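This briefing is intended for a reader who wishes to examine a single protein chain from its overall form down to selected residues. Please view the sequence and the structure together.

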Amino acid sequence: YGLALMLDGAIQSAEDDEELYHELLVQPAMLAHPNPRDILIIGGGEGSTLREVLGHTSVRSATMIDIDRELVDLCRTHLLSWHQGAFDDPRVRLATLDGRTFVEQDDRSYDIIIIDVIDMLEGGPAQSMYTRQFYELLRTRLRPGGLVVVQGLEFTFLDDRAHAALARTLRAVFPEVHSYHAAIPSFLGTWGFLLASDWCRPADWRAEQIDSVIEQRLGCNWLEHLTGEYLKSRFVLCKETQFLLSLPGPILEDGVTFIAPPSIEDVEVP
């Protein structure tokens, strides 16, 4: 997969397919919003999320918060093909601190908030950015019509539990929460994403409208993967997945250890 970024032995991003992941993470929300101006990114240390945001000329500010300064510095030096100089764009405000602490202290409002932190790790700093309380806090930082997008962990109907819990948690805060997915080759599986807002319903999108917005805002050569038709297809879920995502279950709360309910494979049949 070419040059790759690894953290604690786990792949985070690979040269050959990072554009697919980052286009899917960033562009659905950016294209859905009528005029994205001020964007908040939490995580995204390699700079690719920032790169995709800055492709929109409507953006006047892009605030990126990442807890790991050493990682950001390494990425700025070694992953130029990822960030393509995005860190040096005058629209960028970069801060190195805990994302939740920043949101608690920040008084600015944003059109789009993108959460691109590592997977849930028990006791790790990212854990507090997957909870209902955090999403309620994010909502207070959104302008009317704003959207939140979250990298949504591994996504398959064979192991849906973490993504489903994340979707339920977002639905406790936002009325419109929609899962979408794509096979990311370097991740060795299908990855999920979640789009949350008060109003956005991807089922109402038309492929030709999306293509028109792409051409108007980004031009014909910016995106490597996304088209209107492809983007709409990412929100289509199989019957079993729809059923599993509709089931009740626990949500992610501050101070509560998440214990996934057993899957059918885990249940011993007498």
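This is a predicted model: local features need pLDDT of at least 70, side-chain atom pairs count only at pLDDT 80 or more; totals for chains, interfaces and linings use all residues.

Residues are numbered from 1 along each chain as its sequence is written, and side-chain values use heavy atoms, with hydrogens and water left out.

**Overall form**

- Along the principal axes, the C-alpha trace spans about 65 × 40 × 40 Å.
- Of contacts between residues at least 6 apart in sequence, 71% join residues at least 24 apart, where contact means heavy atoms within 4.5 Å.

**Surface and charge**

- Of the 270 residues, 50% count as buried; buried means under 20% relative accessible area, exposed over 50%, and partly exposed in between, with a 1.4 Å probe and protein chains only.
- The protein exposes about 12600 Å², of which carbon and sulfur atoms supply 53%. The areas come from the Shrake-Rupley method with a 1.4 Å probe, and for residues only the protein chains shown count as cover.
- There are 22 positive and 42 negative side chains, and the centres of the two sets lie 9 Å apart. Lys and Arg count as positive and Asp and Glu as negative, with His and the chain ends not counted; each charge is placed at NZ of Lys, CZ of Arg, CG of Asp or CD of Glu.

**Aromatic pairs**

- The structure holds 7 aromatic pairs. Rings of Phe, Tyr and Trp (its six-membered ring) pair if their centres lie within 6.5 Å; planes under 30 degrees apart count as stacked, over 60 as edge-to-face and the rest as tilted.
- The ring centres of Tyr 21 and Phe 193 are 5.5 Å apart and their planes meet at 45°, so this pair is tilted. Because Tyr 21 lies in helix H1 and Phe 193 in strand E9 (residues 189-197), the pair ties together parts that are 172 residues apart in sequence.
- Tyr 21 is buried at 7% relative accessible area, and Phe 193 is buried at 0%.
- Phe 134 and Tyr 135 form a tilted pair, with 5.8 Å centre to centre and 50° between the planes. Phe 134 is buried at 0%, and Tyr 135 is buried at 0%.
- Ring pairs link Tyr 21, Tyr 180, Phe 187, Trp 191, Phe 193, Trp 205 and Phe 235 into a cluster.

**Selected residues and their surroundings**

- His 22 belongs to helix H1 (residues 18-32) and is buried, with a relative accessible area of 0%. Not counting residues up to four places away in sequence, His 22 touches residues including Glu 46, Arg 51, Glu 52 and Asp 116.
- Arg 132 is located in helix H6 (residues 132-140) and is partly exposed at 22%. Not counting residues up to four places away in sequence, Arg 132 touches Thr 169, Ala 172, Val 173, Ile 251, Leu 252 and Glu 253.
- Asp 198 sits in the loop between E9 and helix H8 (207-217) and is partly exposed at 43% relative accessibility. Aside from neighbours within four places in sequence, Asp 198 contacts Arg 139, Phe 174, Pro 175 and Glu 176.

**Positive phi values**

- Most residues other than glycine have a negative phi.
- Gln 84 has a positive phi, near 50°. Gln 84 lies in the loop between helix H4 (80-83) and strand E5 (92-95) and is partly exposed at 48%.
- Leu 153 has a positive phi, near 70°. Leu 153 is part of strand E7 (residues 142-154) and is buried at 5% relative accessibility.

Notes. Helices (H or I, at least four residues) and strands (E, at least two) are DSSP runs, numbered from the N terminus.
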